[in-house]
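Me: Hi! Could you walk me through the packing in this model, one question at a time?

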Amino acid sequence: MKEVKVGNLTLGGGKGLFLMAGPCVIESPERTLEIGRRAKAICERVGIPYIFKASFDKANRSSYKSFRGPGLEEGLKILAHIKKELQVPVVSDIHSIEQIEPAAEVLDVLQIPAFLCRQTDLVYGAAKTGKAINIKKGQFLAPNDMINVVKKVEEAGNPNLMLTERGATFGYNNLVVDMRSFPIMRSFDYPVVFDATHSVQLPGGAGTSSSGQREFVPYLSRAAVGAGVDGLFMEVHDNPAEALSDGPNMVYLDKLEAMLMDLVAIDKIVKGE
């Protein structure tokens, strides 16, 4: 299993879990920073590496009128401030080749959304920056098909790659996680991440927005860690009911620490520690 360099962190390589976590989208700068501060403190207590995540633009919202975030320029300024203030790496989605260069100046991880994982120019262009790349497996792809995405990144000469499972489309407004996906994608020799909160999303399930079933996050997370994943991706919030995006599937911050402690214990058993 290859190691991945993310800022000053070295992840993967068969080591313990790491966490990418934060709100779905940048809300107010103050609240977004505070969520990151609390998540970092939790990870420090649990003893796992932490990467802050938040989207500067939610480009794939259900409705045209849905809140998308502050946008590229203002969003990157906020993420740069959080990165400096918390002294942690940051990750955010990019959606077009025009966003790659400015995003790479701030982000430690360029994330390719699931819907865009087959966009060759976007994947290759992001990889050419040399930054760590996290690619979410499309809801429409079999895990075996991700080897073609991996080869696009390798063609760009970038070894810092992570692959993320976020569920597969299963009928209307529903996703299902196939646990076979984890060993299949890990066989490509890159760290594999489980997106625990998007996997319980019900896409478009609330009409003009997505719904979700956060009550299943702990169960799927324990199963994924038991299957040997390298890292976890979670959207967290101090009060998901007030969140401007993905509230129904986000984890309450005050529930995060206990859940991570369980997951770390399972991970140590699985990895023979």
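This is a predicted model: local features need pLDDT of at least 70, side-chain atom pairs count only at pLDDT 80 or more; totals for chains, interfaces and linings use all residues.

Me: Let's begin with helix α3: which exposed residues does its face turned away from the buried side carry?
Reply: Helix α3 spans residues 97–104, and its buried residues are Gln 99, Ile 100, Ala 103 and Ala 104. Because they cover an arc of only 120 degrees around the axis, they sit on the same side of α3. The face turned away from that side carries the exposed residues Glu 98 and Glu 101.

Me: Nice. What do the buried residues of α3 pack against?
Reply: The buried set here is Gln 99, Ile 100, Ala 103 and Ala 104. Their packing partners are α2 (72–86), β6 (109–112) and α4 (120–128).

Me: Is Val 4 buried or exposed?
Reply: Val 4 belongs to strand β1, residues 3–6. The cut-off for buried is under 20% relative accessible area. Val 4 has 0% relative accessibility, so it counts as buried.

Me: How far apart are the C-alpha atoms of Val 4 and Pro 191?
Reply: Leaving aside neighbours within four places in sequence, the contacts of Val 4 include Leu 9, Ala 132, Met 162 and Pro 191. Val 4 and Pro 191 are 187 residues apart along the chain. Their C-alpha atoms are separated by 7.7 Å.

Me: Which residues touch the most other members of the largest nonpolar core?
Reply: That core has 69 residues. One of its members, Leu 260, is in contact with Leu 19, Ile 42, Cys 43, Val 46, Ile 48 and Leu 232, leaving aside neighbours within four places in sequence. The residues touching the most other members are Leu 19, Ile 135 and Leu 260.

Definitions and conventions: Residues are numbered from 1 along each chain as its sequence is written. Side-chain values use heavy atoms; hydrogens and water are left out. A nonpolar core is a set of buried Ala, Val, Leu, Ile, Met, Phe, Trp, Tyr and Cys residues joined through side-chain atoms within 4.5 Å. Buried means under 20% relative accessible area, exposed over 50%, partly exposed in between (1.4 Å probe, protein chains only). Contact means heavy atoms within 4.5 Å. Helices (H or I, at least four residues) and strands (E, at least two) are DSSP runs, numbered from the N terminus. The arc is that of the directions from the helix axis to the C-beta atoms.
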